[in-house]
Amino acid sequence: MEAGQRRGRVLIGKVGLDGHDRGAKFIARSLRDDGFEVIYTGIRHTPEEIASVAVQEDVDAIGISLLSGAHNELIPAMIHALCQADAGDIPVIVGGAIPQEDISYLKDKGVCEVLTTGTPTQTILDVFRMVANEYRQKKHTYE
Amino acid sequence: MNEHPSFAAWEENVLKKVLERTPERAKEFVTDSGLPIERLALPETVDEKYLTKLGFPGQYPFTRGVHPTMYRGRLWTMRQYAGFSSAEDSNKRYRYLLEQGTTGLSVAFDLPTQIGYDSDHPLSCGEVGRVGVAIDTLADLEALFTGIPVDKVSTSMTINAPAAVLLAMYVVVGEKQGVKPAQLMGTIQNDILKEYIARGTYIFPPRPSLRLTTDIFAWCSKETPQFNTISISGYHIREAGSTAIQEIAYTLANGCTYVQAAIDAGLDVDVFAPRLAFFFNASPDLFEEVAKFRAARRLWARFMKERFHAQKPASQTLRFHTQTAGYSLTAQQIDNNIVRVTLQALAAVLGGTQSLHTNSRDEAFGLPTENSVRTSLRTQQIIACESGVCNTVDPLAGSYFIEDLTDRIEREALTLIEEIDRMGGMIAAIESGVVQRQIELSAFRYQQQIDRGERTIVGVNCFQEPEKVFPQTFRVGKAVEENQIKRLHEIRKKRDNGKVKKNLADLEEAARGKENVMPFIVEAVRCYTSIGEICDALRGVFGIYEERKGF
Amino acid sequence: MNEIDGILKGIREGNPRTIGRAISAIEEGNHRAAAILQGINEGCVLAATILGITGPPGAGKSTLINQLISHYRIHGKRVGIVAIDPSSPVSGGAILGDRIRMMRHATDPGVIIRSMSTRGRVGGLCAAAGSAAKIMACSGCNPVIIETVGVGHLEIDIVGLADIVVFVLAPGFGDDVQAMKAGLIEMADVLVVNKADHAGADALIVDLKYATQGRDCQVCSTSATESRGIEDLANIIGNIAQRKRQTGQFIQKREKMLESEILHRAVELMRTKLKDRLMAQEEQIIGDPQDIVRKLLEEVCVTQLESKKR
């Protein structure tokens, strides 16, 4: 990928109190090496904070990693905050320890993709490429 | 038998005393074929080189173990980390585990408790009771230990930033059961430095946090002399992706920071050092792990003796708890995890651990089910009772490979520790983000090796199988949060709020000054002041820590 | 109301979504960019002070900026931050992690933060960062802070983007500081010795004060982790801004900034055109590079002129 061309801007972070950032940092680095601009927000943030950063940074996708089991509360809250800021269209990708039975619930709440523990890195990159690219296309057609 | 005079001296001065106090588990240990097993296998000739590098178990530099008879005397403590939802639910699980033969409790707290927020704090939303038990006030800890005699069971608590608060609560729970603080046995993790490095449940900045740590050291040496005041943890550093060498290097560097802080605060090293404990990870590479444990023991003994001039052997011994590697569990073919855990547990035992937690097969998905927890406990019991590895001390000693690996790990770790010294110590290294970055890089490389197939993980990048069945995991319902908040609000109504206010004001004043804060925290929890209220008071004085850029 | 008017209204009202999207439009140079920039209220841009904050990695810039934000917020000011991180020359990607230190301001409607990566374009980046600063100013931000890492030539470029340049140092950078000293004093309005509680800080302050004697460059010290010295720094900045405005230096600099912006844009545009042209060449390139350059320049200029005529 040539410098100056763009894969897109994505936000990678964690929401809630869970401090296990090994996965989030790995994904951030992998996305960077794949040509993405990655806004890395670190640990311990509220859904509202993440949504606000995503809006200010005008990202093409949000990737949130959760291992604490609080996803069913925190992710819908974040999507709600995005909608409040007229940014409900920014695609949200959730990763981490998400039980199978919660995936459809999260998707109903507006999550675009759920990548559970054990997903190969290449699959994760492909999902981000596809999702961010689709969103960028959509942005351009408005114009 | 060995003729060297030092051996006789060891038998006379170290071994005999211990045998008098704790006789071995059997009169005679034999192999399956009936061959007698010696307590301690030794080289043909014990020379100076052997004595400097290995020595005898229970004697400096403790390479072969902290105890002269090791598991022939007493098996390690089988301690399964558990805790979830409400105090009542966790209490039930603890009683179940005790019935099944665990010999120590290990309390997991939920994230709000670990970060000093009450269950009704906005940031607690969705987190209450999820990854551990929710504790707001003394009432919760009372419920947690209902029917569990705290003078009989040793309790380990994974609590760091607010360790002082939970310790204070435990002491008061003991009082209410009629148990004196001096009788209490257990451990508080209380290792804040690795929270900045790897685990993330910090509250205050490093310097005031270290003051809390030394306050605890000082208070416990008088009030709870049987309680381990800290569990200096490499476990989470490894989980964050470090190598084995980085794990022990950073952990021992953290250890040195605590020791120095306590000495600077005017404490006598031989008073507090015997209560320092460690906590390591048992990872897949069996021999490297065994060598790691042995190298860590030797390094720590040297630091304590040479750097900090500790005189007592108990101050020089590195006693440690081990947990098998959570990061090594796979979501694919989850029964394979039982085998992984077995090998890792074996490494811990061959490395001479004092206590052990074995992970459950389904933990890559969430909290383990009761069945999985039982199997993981049985794994320890099989190693202890059937494998025969407990019948002699440090069975791998003298293996050319193991001894060489032990030496090399020690050397490499020492190099890393000296690098940190040159940076101005661990706090400076943490503040500059160097340590975090090194670990992050190791984690990245490890994952890349898996992705490229350079490192084989069975079921993940080879021997794969199509899978569509997902395991049942343990779920904590939303009702827990509501009930917990309701209970907290009731307590706030019922308690003597004038007293609460006064205790908090006293605590703040102590925190501003130089007085030990522990007695003030004990008084505060006694009148049901919540953990959030206590931590808020301290936040007001100490400030909060903000994350460093991770890359 | 047409689309551009709607965007401009959103910017003026401080709508973060509109501001975020407008900055993207400018960064990507899409067709709305020019119209947005034309519609920006020059009065607001003139009223705002643009602070350039730079310094070597590890000096504590982000933590210092975090504290400055808090200071300005207490005084009721709206603050904008453009945080620039280098991108990987290999992948073109970047991890933009500066705002991690500023997360406590994430939901404050009076703070707007935007991260940018160099994307291997120094000139173009300056144009984009300058435009982002203008949009923030138009939304009522004053000051607007542009943060760059002092790597390569980036810290020099910030001089052309900011009304006031603040260089952040910390003890422990030793020889680097000595080597940079002369250049620093020429380009910076303020030298901040951060981490003033660390060993070696006092010596560094004395050293810098001595070196700046008789020059138009002030030295101050801060400890951003303990929020000490922040108010002094803000006052120094305020005073310099006031003085520069009174003496006309401010306007002079803005004029220069405009010149440099035009130059940056021209160079960036030219670079792209030249590259496209070079890439479009079908035969293998052989011969004296000087000659080829001359030819290439001619070709590009001629096509440019012809396309204008059409």
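This is a predicted model: local features need pLDDT of at least 70, side-chain atom pairs count only at pLDDT 80 or more; totals for chains, interfaces and linings use all residues.
1. For a chain of 143 residues, a compact globule would have a radius of gyration near 15 Å, and chain A, with 14 Å, agrees with that.

2. Along the principal axes, the C-alpha atoms of chain A fill a box of roughly 40 × 30 × 25 Å, and 64% of its 143 residues count as buried. When contacts in chain A between residues at least 6 apart in sequence are taken, 72% of them join residues at least 24 apart.

3. In terms of secondary structure, chain A contains 5 helices and 5 strands, and when one reads along the sequence these follow the pattern β-α-β-α-β-α-β-α-β-α. Which strands make up the sheet to which chain A contributes, and in what order do they lie? The sheet is an open one of 6 strands with parallel pairing, and its order is β5(A)-β4(A)-β3(A)-β1(A)-β2(A)-β3(C), so that order includes a strand of chain C. From one strand to the next the twist averages 20°.

4. Strand β1 of chain A (residues 9–14) runs parallel to β2(A) and is joined to it by 4 bridges, and A:Leu11 stands opposite A:Ile39 in β2(A). On the other hand, β2(A) also pairs in the parallel sense with strand β3 of chain C (residues 94–96), over 3 bridges, where the bridge partner of A:Glu37 is C:Ala94 in β3(C).

5. The contact between chains A and C involves 33 residues of chain A and 32 residues of chain C. On the side of chain A that touches chain C, α1 (22–33), β2 (37–40) and α2 (47–56) each supply at least two residues, and the largest share, 6 residues, comes from α2(A). Sorted by class, that side of chain A has 12 nonpolar, 8 polar and 13 charged residues.

6. Chain C also touches chain B, with 7 residues of chain C in contact with 6 residues of chain B. The side of chain C that touches chain B divides into 2 nonpolar, 3 polar and 2 charged residues.

7. Chain C has an open sheet of 7 strands with parallel pairing, in the order β4-β2-β5-β1-β6-β7-β8. Its edges are β4 (111–117) and β8 (218–221) of chain C, and because each has a single partner strand, one side of each is left without a neighbour in the sheet. In this sheet the twist averages 20° from one strand to the next.

8. Is strand β8 of chain B (residues 320–324) buried or exposed? In β8(B), 5 of the 5 residues are buried, so the strand is largely enclosed by the rest of the structure. B:Phe320, B:Thr322 and B:Thr324 point one way from β8(B), whereas B:His321 and B:Gln323 point the other way, and all are buried.

9. The partners of β8(B) complete this picture. Strand β7 of chain B (residues 276–282) runs parallel to β8(B) and is joined to it by 5 bridges, and B:Phe278 has B:Phe320 as its bridge partner in β8(B). β8(B) also pairs in the parallel sense with strand β9 of chain B (residues 355–357), over 3 bridges, with B:Gln323 standing opposite B:His357 in β9(B). Together, β8(B), helix α14 of chain B (residues 336–350) and β9(B) make a right-handed β-α-β unit.

Methods
Residues are numbered from 1 along each chain as its sequence is written. Chains are lettered from A and ligands numbered from 1 in the order in which they are written. Two residues are in contact if their C-beta atoms, placed from the backbone, lie within 7 Å. Ala, Val, Leu, Ile, Met, Phe, Trp, Tyr, Cys and Pro count as nonpolar, Asp, Glu, Lys and Arg as charged, and the others, Gly among them, as polar. Two strands pair if DSSP finds at least two bridges between them. Axes are lines fitted to C-alpha atoms, for helices over the stretch in contact, and angles run from 0 to 180 degrees between N-to-C directions. A residue is buried if 20 or more other C-beta atoms lie within 10 Å of its own, exposed if 12 or fewer, and partly exposed in between; C-beta atoms are placed from the backbone. A crossover is right-handed if, with the strands pointing away from the viewer, the path from the first strand over the helix to the second runs clockwise. The radius of gyration is taken over C-alpha atoms; the globule rule is 2.2 Å times the number of residues to the power 0.38.
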